[in-house]
Amino acid sequence: MAVQVEYRQLGKSGLRISVPILGCMGYGTPQWMPWVLSEDKALPVMKAAWDAGINTFDTANMYSNGVGERVVAAFLNKYSIPRKDVVILDKVCYLTTPDDISVIGTVRPDLLKTKKYVNKAGLSRLAIFTEVAASLERLGTDYIDLMQIHDWDATVPVEETMRAFNDLVVAGKILYIGASNMKAWQVGELNAVAERHGWPQIVSIQVEHSLLYRPHEVETMAYALYKGIGVLAYAPLNDGNLARPLGTRTQRTTILEGTPFAKNPSSSDEEIIKRVQQAASKHGWTMSQVALAWSASKATSPIVGAGSPQHLEQNIFTSKTLTGEEIKYLEEPYEMRGYRWG
Ligand SMILES: NC(=O)c1ccc[n+]([C@@H]2O[C@H](COP(=O)([O-])OP(=O)(O)OC[C@H]3O[C@@H](n4cnc5c(N)ncnc54)[C@H](OP(=O)(O)O)[C@@H]3O)[C@@H](O)[C@H]2O)c1
């Protein structure tokens, strides 16, 4: 049997997740973003993950405007995988437009002012209830294991948001609550309000984190560690920059060039990428295994994307650990940077 992944407890919660988690942002429809795989191409990658022991899948309502969630449902259905055997991580907050798949909700704030979408995004009770119901329908399930608040919404009282999540937990539609893209004080505020009311608290925080992007270590990750909140590291390969030799371009990097989503390596990043390549050749690992082993030494689990069964297999890093000296060497050229967003 091929190498199987390990499982870790998500912070202080009793939930156990796989290491790594499969990121499903790239599965849905290329109508949303050109590099996204349609169902027929995505399912074999997801099956390769499942065969390697990955039981945890991270999606969001906005990925391919709902089609991403439908692909997760199709995966369980096609391979007759019992719902209780997988852990589904979903997200709610950003605008999702199932009637217009090509929209990227995060860059269309104008739509939030229209009659159709005015109550369809953000963290109001109405938006949360409407959007979670839609996610459950698309996923073809009665419950979501971990529903993550995709981002902070300063326009809605925290009590309203956390009461809505409490009520969804009580109704059995959500089992655990997570947060994403937040500062430490925001997570602290959500949990302080929940604690005051005896409501369930945030058990995990999902942030962008890799050898090339580490601003969240200073506040959010330090806070999570102190409080026993699980940390899920997204983009651990920095869109693939840490998984291939310097200068390699892909369809995704080419399309993103010049947009706010582009992740262009700086000169210190280039030095880190070279060191990842050196470590990979020293150990006989893939570069992605080096980057993911580093990630798993800092976070509860990396959330990694893969566009083919081959890439997926190259991202299994069970029993591959870096020494303290190796970690120090990989980190040495890093120059602290500000947050990409907000
Ligand atoms: N909370 C949030 O706001 C947020 C934001 C972004 C992402 N996420 C989550 O994080 C997940 C991962 O994010 P991501 O896709 O941006 O970052 P990533 O996993 O760091 O990078 C994925 C990229 O790496 C490439 N890659 C993967 N394995 C490779 C390998 N073995 N060799 C060479 N290239 C490889 C992929 O190319 P191929 O397609 O060619 O394999 C793809 O372009 C998402 O799916 C999503 O679940 C969350």
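Let's start at a pair of neighbouring strands: β3 (residues 21-23) and β6 (residues 56-58) run parallel and are joined by two bridges. Within this pair, G23 stands opposite D58 in β6. Keep in mind as you look around that this is a predicted model.

From that pair you can follow the strands into a barrel. Eight strands close up in the order β3-β6-β7-β8-β9-β10-β11-β12, with parallel pairing. From one strand to the next, the twist averages 30°. As a reminder, strands of a sheet pair through backbone hydrogen bonds, in either a parallel or an antiparallel way.

Moving on from β2, you come to P20, which sits in the loop between β2 and β3. The peptide bond joining V19 and P20 is cis, with omega at about 5°. Such details are worth a look because most peptide bonds are trans, and most residues other than glycine have a negative phi. A further backbone feature belongs to N181, which is not a glycine and yet has a positive phi of about 55°. You will find N181 in the loop between β9 (174-180) and α5 (184-197).

Now let's turn to the ligand. Which residues come nearest to the ligand, out of the 28 around it? They are D58, L237, R252, G307 and H311. The shell around the ligand divides into 11 nonpolar, 13 polar and four charged residues. Among the elements that each supply at least two residues of this shell are β12 (301-304) and α10 (309-314).

A polar backbone atom of G23 is 3.4 Å from an oxygen atom of the ligand. For C24, a backbone N or O atom lies 3.3 Å from a ligand oxygen atom. At G240, a polar backbone atom is likewise 3.3 Å from an oxygen atom of the ligand. On its own the ligand has 900 Å² of accessible area, and the protein covers 87% of this.

Finally, have a look at two helices. Two packed helices are described by the angle between their axes and the distance between the axes. For α2 (residues 67-78) and α3 (residues 125-139), the angle is about 35° and the axes are 7 Å apart. On the α2 side, E69, R70, V72 and A73 take part, and they meet S135, E137, R138 and L139 in α3. What kinds of residues make up the contact of α2 with α3? Three are nonpolar, one is polar and four are charged.

Notes: Residues numbered from 1 in each chain as written. Predicted model: local features only at pLDDT ≥ 70, side-chain atom pairs only at ≥ 80, totals over all residues. Heavy atoms only, no water. Near = heavy atom within 4 Å. Polar contact = N/O pair within 3.5 Å; in protein donor to acceptor, adjacent residues only side chain to side chain. Areas by Shrake-Rupley, 256 points an atom, 1.4 Å probe, with all protein chains shown as cover. Helix = DSSP H or I, 4+ residues; strand = E, 2+ residues; numbered from the N terminus. Nonpolar A, V, L, I, M, F, W, Y, C, P; charged D, E, K, R; others polar. Axes fitted to C-alpha atoms, helices over the stretch in contact; angles between N-to-C directions. Contact = heavy atoms within 4.5 Å. Pairing = 2+ DSSP bridges.
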